[in-house]
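I opened the model and kept notes as I went. The entries below follow the order of my look-ups.

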Amino acid sequence: MTASSGAARLRRSLRAPEATRSNALPAGAWWLWALGLATAASRTGNPLLLGLLVGVAGYVVAARRTDAPWARSYGAFLRIGLFVVAVRLLFSVFLGSPIPGTHTVFTLPAVPLPDWAQGVRIGGRVTAEQVVFALYDGARLATLLICVGAANSLANPARLLKSLPGALYEAGVAVVVAMTFAPNMVADVVRLRTARRLRGRRTGGIGAVLQIGLPVLEGALERSVAVAASMDARGYGRTAQVPAAVRHTTNVLTLGGLLGVCAGTYALLASQGAVYGLPLLLAGLVAAMAGLRLGGARSVRTRYRPDRWGVRAWLVAGSGAAVAAVMIRAGVVDPEALHPGVVPLAAPVFPLWPAAGVLIGLLPAVVAPVPPSVDATPAVNSEEGK
């Protein structure tokens, strides 16, 4: 009896609680998890691993997203990813590819070009090798976009704004307003199309698009004016006076640090710059954090009930970092498995231990707080508005 009660208490302690205002994950944890998956996707062209990454991101989104407007954007990112793959394939077919191939699929009429356009062709022979390479390349970029879409569906933009340093608060307000504009506009389009369908009117065609677009833009403009007025009434944009030397030092540290972060991130994403990418990224982060710390002195705002990084938030962020670390290590140990060859054509293999590392990204579906049910959502929203 004692053993069974102890096991029951252990299961209850390990079970993810229902999300409330006090235990909801910080938005930064979701973004770090998604960026880890995106980094892993950038290190491989294997379509099997890329599909597994998309499946992991989609499962976590399905298990932990809410009913908020921004949570509905994941499907749009999936469609954008498919569009990217199609565009990459069309460019390869019509504009050619540097990939040599011997298996001709079909031949398009070639357009003669002047001498100064040597190396560029329009039409001509299309090989199976260049088509497969374009599919692999487009799938990698599509997976990157889908990972970003997963973070956009799971992270609350308002909570992300609260987590920003004081030096970036004004810029963060503009970014958050931009991030919430598109989901709300999509919701308005869906609502107006549903209303037209119930009235027996057409929802497709140029005329319907024009009739729907005007109310959507009008509602977006009214919402923007209302948000600007409310922000001005609450004192957004007020800053304190600081010495000129502090301002110049802040600008130098922040800009230099951000440049270092960008260069280090690019080096990590590129297969050739992994050696110097990490030190450059760390140096840029230190400089940027010092600049943001100094710049925070200009902010006179206070932060009400700031987000706290608990064990679950660190597990979510760490799972994304673990996926990226496993994929980077796999690229060093077994690069052929992560980058299947197309000349000659060969079926991609399914590497087991990199795939097991990708499955670590499923951890948020277990440890992250469960979003409230539809009936409980208004209560949570009303609590956040207090």
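Predicted model: local features only at pLDDT ≥ 70, side-chain atom pairs only at ≥ 80, totals over all residues.

Entry 1, a helix pair. I looked up helix 2 (residues 27-42) and helix 5 (residues 128-154): they pack at an angle of about 175 degrees, with their axes 9 Å apart. Helix 2 is therefore roughly antiparallel to helix 5. On the helix 2 side, the contact is made by Trp30, Trp31, Trp33, Ala34, Leu37, Ala38, Ala41 and Ser42. Helix 5 brings residues including Arg140, Leu144, Cys147, Val148 and Leu154.

I noted the terms here. Axes are lines fitted to C-alpha atoms, for helices over the stretch in contact, and angles run from 0 to 180 degrees between N-to-C directions. Angles under 35 degrees count as roughly parallel, over 145 as roughly antiparallel, 65 to 115 as roughly perpendicular and the rest as oblique. Contact means heavy atoms within 4.5 Å. Helices (H or I, at least four residues) and strands (E, at least two) are DSSP runs, numbered from the N terminus.

Residues are numbered from 1 along each chain as its sequence is written, and side-chain values use heavy atoms, with hydrogens and water left out.

I found Thr39 in helix 2. Thr39 has a relative accessible area of 21%, so it is partly exposed (buried is under 20%, exposed over 50%, partly exposed in between; 1.4 Å probe, protein chains only). Thr39 and Ala325 are 286 residues apart in sequence, yet 8.9 Å apart in space, C-alpha to C-alpha.

Arg88 pairs with Asp137, the closest N and O atoms being 3.1 Å apart. Arg88 is in helix 4 and Asp137 in helix 5, so this pair ties together parts 49 residues apart in sequence. Arg140 also forms a salt bridge with Asp137, with the closest N and O atoms 3.3 Å apart. Arg140 and Asp137 both sit in helix 5, three residues apart, about one turn of the helix. Shared partners join Arg88, Asp137 and Arg140 into one network.

Which residues form a nonpolar patch on the surface? I listed Leu90, Phe91, Phe94, Leu95, Val111, Leu113, Val120 and Ile122, with about 690 Å² of accessible area together. Patch residues have over 30% relative accessible area and no salt bridge; like charges are joined within 9 Å, nonpolar side chains (Val, Leu, Ile, Met, Phe, Trp, Tyr) within 5 Å. Areas come from the Shrake-Rupley method with a 1.4 Å probe; for residues, only the protein chains shown count as cover. Helix 4 (residues 74-95) gives the most, with four residues. Val111 belongs to strand 1 (residues 104-111) and is partly exposed at 43% relative accessibility.

I counted 15 helices and two strands. Buried residues make up 35% of the 386 residues.

Terms used
Salt bridge = Lys/Arg side-chain N within 4 Å of Asp/Glu carboxyl O.
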